[in-house]
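Take a walk through the model shown here.

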Amino acid sequence: MNQAHFEKMSQSIVNGDPVLATSLAQNALDMGIDPLDAITQGFVVGVDLVGAAFSKGDAYLPELVMAGEAMKAAVAVLEPEMHRRGTERKTLGKIVLATVEGDIHEIGKSLVGTMLSAAGFEVFDLGVNVSTAKIIEKSKEVKADIIGLSALLTTTMVKQKEVINSLINAGLRSAVKVMVGGAPVTREWVEQIQADGYSEDAIGAVDIARQLVGLS
Amino acid sequence: MPKAIKSITNPKLSINILSDEEVLQIHQATLHTIESVGVRFPSQKALSLWREFGAQVDPGTQIVKVNSDIIESALKNAPPAYVLGARTREQACPLDGNHVFLATDGCGVEVIDINTGKRRPSCLQDVADIARVADGTEEIGFHWVALSAQDKPAETRGLHEIRAVWQNSTKHIQTESIYSEAEAHVAVEMASAVAGSAQALREQPVLSIMQCTASPLGQDGGSIEAALIAAEAGIPIGFMTMTANLTTGPATLAGNLVVGNAEVLTALALIQLAYPGVPIFYAAAQTASDLRTGAYTGGGPEDFLYGAATNRLANFYNVPLSMGAFATGAKEPNWQAGLENSLSAFMACVSMSDMLLGAGFLHGSRIWSYAQMMLDCEIFSIIHKMMAGIEVNDETLALDTIASAGPGGNFLTQAHTLKHMRELFLPKFMDRRPYNTWEEKGDDARTWALDRARQTLENHFPEPLDPKLDAALEEMILGLEGNTEHTQRA
Ligand code: B12
């Protein structure tokens, strides 16, 4: 009986349907299904399916993003019950993500966030035009493993350096990895500011993040 | 001698991209969006102006909803035609609906070094060099500041850049790099000095400013505030939307046009409400995001259609258009670059976009290539020739000549041929050599284009700025640098 329910959950993700995913998650709780099982045997299966289709070139970006949205909706319903039961979903790590101060380019940063979430990271997306202080504060608060910084302007990429310098000054540099990206970011820049990694696209961002938390 | 500027005029070709009815539908949909969904204006100054002009303003979200009659009547104040002034009068560009002028593309971050061929970050000297090469071409009618002067402080970078262009060219400058009030004030001061006086600047604006909207349905606060300062001085001001299907706009082309139109119209209307009658222009570079990566493609059939469709919209609002074309995603001057830049430029030209941006970039407006710039100029020249169409009259029907040559005769020996042969297009960069020659030499259009840019850089020196004027411009920039703390020097 649960199997049929799990399949529906998976399908709701494949269809990118947050409304259906939400109600299936609620049903699962009503039926007494363990929320962690609902995630790992139901919803995540859907995410993996879309991910695989995307890698093969059969699915397109909007399908991936909508699957991510549906997944988020389902997890939001299940999370309180998981907390109550003391079961936690294993994530690959916590990532604080932002477009730096003075910069409002959002698309690339958000895509990177979606892909990281889909790959199993817990992503705290602070949005665009985010001050260095806010980024540092959030990463302290959630004990981030990685800070991801997007900058698309030559005038704002210096903020990536500023964040790294602030981490050094606060004595936090060894506690968190920093990865950067955006149109003007080059390998030379990454070396110059001593960031831990960079990527030119969202798929590469996932590879880098995995490396930074010690996975291959 | 300042170079004569080649522009497309009196076109014989035309295109039917949207019917009157369809334009009206897009217009109505846009007004509906502005009225019911609204556009975000993250600037206290803009919000209080909007309140004053009768819009509905939500201070929390900073979203402004405006009645259609306010927008429509505001836009009626815009002048339908005006000139982009230049340091030399002959090089002014009339934006009158009957001219298309080509500019360089702008604001790139890297350059393929003209000497070493290596890619590297851009600096002020690059801005100067490109301006001089562009000045030496007949195709480039005015400048966009091609690259960012990354060796200058962020707060005054845009000012250093326009000074460098004026030092190296007598043609008009359009910049997209002035996006704070403080910088705008100094830019106005500098432009007045170059024009001769504040009044002269109004008559012959030697500078125009292009601002980006913040898609979807938003504006950038600093850009709007800078635009208001420039508008007050009568500097032509335009807003460019870059809505992209899938990410910042709907997947459908019409919907994407509506989103961008709402952004541009609200920004232009605000300028007209604040300063009725000042010169404004529509600007656009819509595209489709890549289905697999979300990347801004800057090419492809959607882009080409937008090039022509946007001009229909700008005509409907009776304001000039600055249209983004030539923004190939190719990484080097190659098949893709030739294809994308030809078709995007053609569609924008055949609809008579007043300003055509911009020659010279690779990798989606990021990397400057001198070779690509020269190749883009040739594309423009080819389109220029095509737009003249086919002239049909007694002289061109050439009946006497046909009779004189007769069956099996030779037209090479006819006087009519001598008279008209120079009307045929002679390419600079197309390979029409014998196969063997190509095989032996191993060079191609890219080699020749780069050589041409090198020669121009070596030999072309436009009339310099008066040293006193130049010193004054420097003072103005340094004045602003003295006033701001630059904690964020790159
Ligand atoms: C779309 C766009 C805009 C839109 C953004 C809309 C939005 N809601 O985000 C709008 C119109 C608002 C805009 C505004 C401006 N823009 Co703009 N913009 C672009 C454009 C064309 C595409 C950017 C984009 O969305 N790409 C698609 C995404 C998917 O790619 P991406 O952002 O590069 O992200 C990928 C990678 O970089 C990487 N990545 C990104 N972030 C991160 C982070 C991490 C941690 C990692 C690992 C990887 C990573 O992965 C992403 C996914 O694949 C670029 C040109 C270009 N080709 O990049 C110019 C560009 C970046 N903009 C530019 C400029 C100048 C501006 C303005 C200053 C213009 C103006 N005068 O108003 C303003 C700036 C406003 C501000 N304060 O930020 C210049 C910058 C040049 C420079 N010298 O700095 C560019 C290069 C274009 C140009 N040559 O003019 N812009």
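Predicted model: local features only at pLDDT ≥ 70, side-chain atom pairs only at ≥ 80, totals over all residues.

Gly358(B) sits in strand β18 of chain B, which covers residues 355–359.

Chain B has another cis bond, from Ser215(B) to Pro216(B). Here omega is near -5 degrees. Pro216(B) belongs to a loop of chain B. That loop runs between β12 (207–212) and α8 (221–232).

One more backbone detail concerns Cys107(B). This residue is not a glycine, yet its phi is positive, at about 70 degrees.

Now turn to the charged pairs. Over all chains, the structure holds 26 salt bridges. One of them joins the side chains of Glu81(A) and Arg85(A). The N to O distance in this pair is 2.9 Å. Both residues lie in helix α4 of chain A, which spans residues 61–85. Glu81(A) and Arg85(A) are four residues apart, and that is about one turn of the helix.

Next comes the place where the chains meet. How many residues does each chain bring to the contact? Chain B gives 21 residues, and chain A gives 15 residues. An interface is often sized by the accessible area lost when its parts come together. For chain B and chain A, the buried area is about 1500 Å². Carbon and sulfur atoms account for 65% of that area. On the side of chain B that touches chain A, the residues divide into seven nonpolar, seven polar and seven charged. Even with those charged residues on the chain B side, the count of salt bridges between the two chains is zero. Polar contacts do occur: three residue pairs, with both residues at pLDDT 80 or more, link chain B and chain A this way.

The ligand is the last stop. 45 residues surround the ligand. The closest are His105(A), Glu106(A), Ser150(A), Ser148(B) and Glu176(B). Why is the site shared between chains? Residues from chains A and B surround the ligand, so the site belongs to both. By type, the shell divides into 19 nonpolar, 19 polar and seven charged residues.

The largest share comes from α5(A), with four residues.

The ligand carries a cobalt atom, and His105(A) is its single donor from the protein. The donor atom is NE2, 2.3 Å away from the cobalt. A polar side-chain atom of His105(A) also lies 2.7 Å from a nitrogen atom of the ligand.

Backbone atoms take part as well. In Ile107(A), a polar backbone atom is 3.4 Å from an oxygen atom of the ligand. In Gly364(B), a polar backbone atom is 2.9 Å from a nitrogen atom of the ligand. These two contacts come from chain A and chain B, in keeping with a site that the chains share.

Definitions and conventions
Residues numbered from 1 in each chain as written. Chains lettered and ligands numbered in written order. Heavy atoms only, no water. Contact = heavy atoms within 4.5 Å. Buried area = accessible area lost by both parts, 1.4 Å probe. Salt bridge = Lys/Arg side-chain N within 4 Å of Asp/Glu carboxyl O. Polar contact = N/O pair within 3.5 Å; in protein donor to acceptor, adjacent residues only side chain to side chain. Nonpolar A, V, L, I, M, F, W, Y, C, P; charged D, E, K, R; others polar. Near = heavy atom within 4 Å. Helix = DSSP H or I, 4+ residues; strand = E, 2+ residues; numbered from the N terminus. Donors = N, O, S within 2.8 Å, 3.2 Å for Na, K, Ca; no water.
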